[in-house]
Amino acid sequence: MKRWASDARRPAGRPDGLWARAKRTGQVTVELLMVLPVFMLLLFFIMEMGNLGFQTILAHHCAYELARIGSLTAGPTGAGTGGGQSMAVMKMKSVLGQMFPSSPGVSVEGTMVGTLKDPQSGQMGEDLLVTLTYPAKLIFPGSSYFLSDPPKGSKKKKLIVRVRMPVEKPYFQ
């Protein structure tokens with residue numbers, strides 16, 4: 001009993017269920033080949049976001065430590081000579097070279113910013129504003145193209161971290 005035109009090609013004696021299954025061979029393979037690239041791109045994107053999060057935390061921690069060192073050096077008793085902004089920046093760059101010995105492109109800058117007058121001591125306060133520029137390396141294929149800074153093939157994302165740290169001043173002068 002032939003019901004469809006394609007049944008004419010069906011070998012005699014083969015049950016209907018087996019013939020229907022034989023006609024669909026390769027369907028799973030084709031679907032897998034269509035979905036697998038999208039799935040892999042999504043997986044790499046999630047892993048790249050974790051990598052970028054780790055490098056962001058690393059950059060923030062380093063910027064905080066550099067700001068702490070700079071604020072202690074910039075104070076009136078810092079570095080044994082009275083520090084100042086130039087001494088603080090020089091010390092921060094020295095420590096940055098120890099933190100990232102083989103990472104070109106990492107840089108630090110520091111500027112003194114005036115704040116409000118301290119009501120107890122009557123002195124004007126100052127903060128050290130530290131800016132750390134850190135080129136994060138993107139390592140996973142596909143997602144690094146979408147997340148990187150121009151040019152798109154560079155596989156780098158520039159992270160800029162700013163930390164503000166008060167400069168310690170003695171109460172009595």
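**Surface, fold and contacts**

Tutor: Let us begin with the surface: the protein chain has an accessible surface of about 11600 Å², and 64% of that belongs to carbon and sulfur atoms. Please keep in mind that this is a predicted model.

Student: What share of the 173 residues counts as buried?

Tutor: Buried residues make up 29% of the 173 in the protein chain.

Student: Which pattern do the helices and strands follow along the sequence?

Tutor: The protein chain contains four helices and three strands. Their order along the sequence is α-α-α-β-β-α-β. As for contacts between residues at least 6 apart in sequence, 58% of them join residues at least 24 apart.

Student: How do the axes of helix 2 and helix 3 cross?

Tutor: A crossing is described by a distance, an angle and a hand. The axes of helix 2 (residues 27-74) and helix 3 (residues 85-99) come within 8 Å, and they cross at roughly 145 degrees. The hand of this crossing is right-handed. On the helix 2 side, the residues that meet helix 3 include Cys62, Leu66 and Ile69; on the helix 3 side, Met87, Lys91 and Val95 are among them.

Student: Which residues form the nonpolar patch on the surface?

Tutor: The patch consists of Val30, Leu32, Met34, Val35, Leu36, Phe39, Met40, Leu43 and Met47, which together have about 810 Å² of accessible area. Take Met40 as one member: Met40 lies in helix 2 and is partly exposed, with a relative accessible area of 30%.

Student: How many salt bridges are found in the whole structure?

Tutor: The search finds four. One of them joins Arg68 and Glu65, whose closest N and O atoms are 3.8 Å apart. Because these two residues are three apart in helix 2, about one helical turn separates Arg68 from Glu65. Both ends are partly exposed: Arg68 has a relative accessible area of 38%, and Glu65 has 22% relative accessibility.

Student: Which parts of the chain does the pair Glu109 and Lys93 link?

Tutor: The side chains of Glu109 and Lys93 meet in a salt bridge of 3.6 Å, N to O. This pair links distant parts of the chain, with Glu109 in strand 1 (residues 107-117) and Lys93 in helix 3, 16 residues apart. Glu109 is partly exposed at 44% relative accessible area, and Lys93 is partly exposed at 43%.

Student: How far apart are the closest N and O atoms of Lys157 and Asp149?

Tutor: They are 3.4 Å apart, and the two residues form a salt bridge. Lys157 counts as partly exposed at 27% relative accessibility, as does Asp149, with a relative accessible area of 22%.

How values were computed: Residues numbered from 1 in each chain as written. Predicted model: local features only at pLDDT ≥ 70, side-chain atom pairs only at ≥ 80, totals over all residues. Heavy atoms only, no water. Patch = residues over 30% accessible without salt bridge, like charges linked within 9 Å, V, L, I, M, F, W, Y side chains within 5 Å. Areas by Shrake-Rupley, 256 points an atom, 1.4 Å probe, with all protein chains shown as cover. Buried < 20%, exposed > 50% of the residue type's maximum accessible area, 1.4 Å probe, protein only. Axes fitted to C-alpha atoms, helices over the stretch in contact; angles between N-to-C directions. Left-handed = near helix turned anticlockwise from the far one by under 90°. Contact = heavy atoms within 4.5 Å.
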